[in-house]
Amino acid sequence: MDFLLSGLAACGACVFTNPLEVVKTRMQLQGELQASGSYQRHYRNVFHAFITIGKVDGLAALQKGLAPALVYQFLMNGIRLGTYGLAEAGGYLHTAEGTLSPPRSAATGALAGVLGAYLGSPIYMVKTHLQAQAASEIAVGHQYKHQGMFQALTQIGQKHGLVGLWRGSLGGLPRVVIGSSTQLCTFSSTKDLITQWEVFPPQSWKVALAAAMVSGIVVVLAMTPFDVASTRLYNQPTDAGGKGLMYRGILDALVQTARTEGIFGMYKGIGASYFRLGPHTILSLFFWDQLRSLYYKYTK
């Protein structure tokens with residue numbers, strides 16, 4: 001039940017934040033491996049990107065890739081939050097004195113995140129491809145011509161096999177390790193502190209909401225460079241054998257980005273990442289906490 005509740009919580013958050021994921025993906029691909037000022041900026045900021053995509057691609061384009069995004073969120077976060085919840089309920093995250101152990105919390109969050117992200121990697125890759133697809137006048141990054149999630153998975157599988165479906169999966173793991181461990185560790189630690197300080201009444205939904213808000217800020221700052229590199233790894237063109245033509249791996253993507261675009265290139269789309277990751281972290285952790293509370297309230 002923990003896995004089911006975790007997956008539903010993440011899907012609920014995804015419906016609201018997917019348009020920001022579309023904007024974030026395109027901003028991260030804009031000016032890929034090009035020096036600042038040497039390319040046309042189709043998307044000047046988050047709000048301009050929303051208007052541009054809606055005007056040129058249509059409002060429906062703001063929900064591009066929603067199907068694979070929902071599948072990925074259910075699979076990845078169902079496993080991630082579900083595993084973390086079981087570890088928390090089993091007392092594995094607390095010391096002998098009963099206090100939360102940040103190292104255990106971070107390690108559990110990272111391991112749970114890696115498991116979920118690796119299994120869901122093909123879905124995430126297709127989601128990235130679909131969200132990057134745009135009209136030629138505002139297109140950024142390599143343009144795949146997928147018709148939908150199932151067609152894309154079938155085509156990639158037939159052309160490149162299982163290796164092709166899991167292309168970029170290892171490069172995406174550092175992003176998830178850092179994001180997941182940071183998110184769950186800061187959420188649990190902040191929640192414990194707020195409870196100890198009695199800022200809000202016991203069991204109040206405000207405790208989970210405040211903890212999720214703090215967690216969202218930390219996640220965005222720690223994760224964005226790896227998120228940019230991961231998006232580019234998944235979206236890069238491939239040769240006949242399914243091997244990426246632009247980057248050899250996550251480290252190569254980070255080095256090339258920093259070398260050609262500067263340190264700010266590694267933080268491209270941080271505004272969109274904040275507006276997307278912040279609300280998504282808040283909503284998914286808040287829904288997760290509340291769904292678990294309701295489940296335990298009526299079953300125990």
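Me: Why is R276 called buried?
Reply: Its relative accessible area is 9%. Buried means under 20%, exposed over 50% and partly exposed in between, with a 1.4 Å probe and protein chains only. R276 therefore counts as buried. The model is predicted: local features need pLDDT of at least 70, side-chain atom pairs count only at pLDDT 80 or more, and totals for chains, interfaces and linings use all residues. Residues are numbered from 1 along each chain as its sequence is written, and side-chain values use heavy atoms, with hydrogens and water left out.

Me: What makes K127 and E21 a salt bridge?
Reply: Their closest N and O atoms are 2.8 Å apart. The rule asks for a side-chain nitrogen of Lys or Arg within 4 Å of a carboxyl oxygen of Asp or Glu. The pair therefore qualifies.

Me: Why is this pair said to tie together separate parts?
Reply: K127 lies in helix α5 (residues 121–132) and E21 in helix α1 (residues 2–29), so the parts joined are 106 residues apart in sequence. Helices are DSSP runs of H or I with at least four residues, strands are runs of E with at least two, and both are numbered from the N terminus.

Me: Are K127 and E21 buried or exposed, and what values say so?
Reply: K127 has 4% relative accessibility and counts as buried. E21 is also at 4%, and is buried.

Me: How do you know that R276 and E21 form a salt bridge?
Reply: The N to O distance is 2.9 Å. That meets the rule, so the pair counts. R276 is in helix α10 (residues 270–299) and E21 in helix α1, so this bridge ties together parts 255 residues apart.

Me: What makes E88 and R292 a salt bridge?
Reply: The distance is 3.4 Å, N to O. E88 is in helix α3 (residues 66–89) and R292 in helix α10, 204 residues apart. E88 is partly exposed at 25%. R292 is buried at 10%.

Me: Which residues make up one network of salt bridges?
Reply: E21, K24, K127, R175, D227 and R276 are joined through shared partners. By the salt-bridge rule, the count comes to eleven.

Me: How many aromatic pairs does a search of the whole structure find?
Reply: Seven.

Me: Why is the pair of W205 and F286 given its class?
Reply: The ring centres lie 6.1 Å apart and the planes meet at 70°, so the pair is edge-to-face. Rings of Phe, Tyr and Trp (its six-membered ring) pair if their centres lie within 6.5 Å; planes under 30 degrees apart count as stacked, over 60 as edge-to-face and the rest as tilted. W205 is in helix α8 (residues 205–235) and F286 in helix α10, so parts 81 residues apart are tied together. W205 is partly exposed at 43%. F286 is buried at 18%.

Me: What class does the pair of F286 and F287 get?
Reply: Tilted, with 6.3 Å centre to centre and 45° between the planes. F287 is partly exposed at 27%.

Me: How do you know that a charge sits over the ring of Y124?
Reply: The charged end of K127 lies 4.4 Å from the ring centre. The rule wants NZ of Lys or CZ of Arg within 6 Å of the centre and within 35 degrees of the ring normal.
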